[in-house]
Amino acid sequence: MTITESQQPADRQRILSGAKPTADSLHLGNYIGAVRNWAEMQSSYDAVIFIPDLHAVTVDFDPTTLARRTRTVAAQYIAAGIDPEESTFFVQSHVPEHAQLAWALNCITGFGEASRMTQFKDKSAKQGTDSTTLGLFAYPTLMAADILLYQADLVPVGEDQRQHLELTRNLAQRFNTRFGETFTVPEATILRDTAKIYDLQNPTAKMSKTGESVNGTIQLLDDPGVTAKRIKSAVTDDDTEIRFDEQNKPGISNLLTIYSVISGKTIAELEADYAGRMYGHLKVDLADVLVEFVTPLRNRTNELLADPAELDRLLAQGAAKARGIAATTLGTVYDRMGFLPRKQA
């Protein structure tokens, strides 16, 4: 029996994903592009969802801010539908096997192949040699450890992470060839056609926490009045027809996309609903729909943050579940690499 067979349901593939805690609030693009998919996949996959805080310290960081953001992101994930009872949901630093396996993988990773990682080259070029850490250089092998620890079958990745996943696959195959079958070789996957959400003030740029203007982003923890105001002040165009046309009407197309995702209506249905009506009608209605959507999520997040003991309990429960899997994988790795087993004193 392989490790994968012994640690997950036979009828469900294991899928793994997570995002760094680098902001005080998730924005609408985060939810639609990632968290919504994670919540939906829990019923179809053996889902491992984690907050990779170890990755967050590969660049400059503030300890107090990191701790606050990690806790806030954890609460938002749960509020947005991540079920700690159904998924394996945890904070990366609570499972020391991540760092332990990363070191083992570092030792079978060539300096040249690590140097060729595009993200490292880009970030180190911007930061300069003296400000670039070994942690940033080894970021891809830590990511590989995150995936391989849990024998993940599938990993949802964007284009910016495909090179890292390919390195993960190479390292899994290299280890298996040299030391015997140990790791599942993961596949990249796209879970569904994910709607792309753009900046409200610059609808040709993706919505981002680092956008040109704070008014271009819908933060899920913002006051509902702020959310409504940002929708109502969104950039559109000089025309008055409400129709989906990303090339000629990017602002209106972005609002229609947001409306469709949140309401469940198709773009065609929305175009029919607003035929002959003005942009202002669409914005007012969308603001109401969005406020109705984010308010319970915001309230649930605040409830969890107001009860840190309960949030800590859920994260500890997830870490214990994760360690049950991770320790088995690491034990096999250590045994096959020739490390002496530690005996109880």
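Student: Which residues line the largest cavity?
Tutor: Gln119, Phe120, Lys123, Leu136, Tyr139, Pro140 and His164 line it (lining residues have an atom within 4 Å of a grid point, on a 1 Å grid over the protein atoms alone). This is a predicted model, in which local features need pLDDT of at least 70, side-chain atom pairs need 80 or more, and totals for chains, interfaces and linings use all residues. Residues are numbered from 1 along each chain as its sequence is written, and side-chain values use heavy atoms, without hydrogens or water.

Student: What makes a space a cavity and not a pocket?
Tutor: In a cavity a 1.4 Å probe fits but cannot get out, whereas a pocket is an open set with protein on both sides within 12 Å along at least five of seven lines. The whole structure has one cavity of 30 Å³ or more. The largest cavity has a volume of about 50 Å³ (the space filled by probe spheres set on the points).

Student: Which element gives the largest share of the lining of the largest cavity?
Tutor: H7 does, with three residues (a helix is a DSSP run of H or I, at least four residues; a strand is a run of E, at least two). The lining of the largest cavity has four nonpolar, two polar and one charged residue (Ala, Val, Leu, Ile, Met, Phe, Trp, Tyr, Cys and Pro are nonpolar, Asp, Glu, Lys and Arg charged, the others polar).

Student: Where does the lining of the second largest pocket come from?
Tutor: Helix H5 (97-106) and H15 each supply at least two residues. H15 gives the most, with seven residues. The second largest pocket holds about 240 Å³ of space. Its lining has 13 residues, and among the closest to its centre are Leu330 and Tyr334. By class, six are nonpolar, four polar and three charged.

Student: Why is H4 called roughly perpendicular to H15?
Tutor: The axes of H4 (residues 63-79) and H15 (residues 308-337) cross at roughly 80° and come within 11 Å. Angles of 65 to 115 degrees count as roughly perpendicular, so H4 is roughly perpendicular to H15. Arg71, Ala74, Ala75 and Ile78 of H4 meet Pro308, Leu311, Asp312, Leu314 and Leu315 of H15 (contact means heavy atoms within 4.5 Å). The residues in contact are seven nonpolar, no polar and two charged.

Student: Why does Gln219 count as buried?
Tutor: Buried means under 20% relative accessible area, with a 1.4 Å probe and protein chains only. Gln219 has 18% relative accessibility, so Gln219 is buried. Gln219 lies in the loop between strand E5 (187-189) and helix H11 (224-232). Leaving out residues up to four places away in sequence, Gln219 touches Ser25, Leu26, His27, Thr227 and Arg230.

Terms used: Axes are lines fitted to C-alpha atoms, for helices over the stretch in contact, and angles run from 0 to 180 degrees between N-to-C directions. Angles under 35 degrees count as roughly parallel, over 145 as roughly antiparallel, 65 to 115 as roughly perpendicular and the rest as oblique. Buried means under 20% relative accessible area, exposed over 50%, partly exposed in between (1.4 Å probe, protein chains only).
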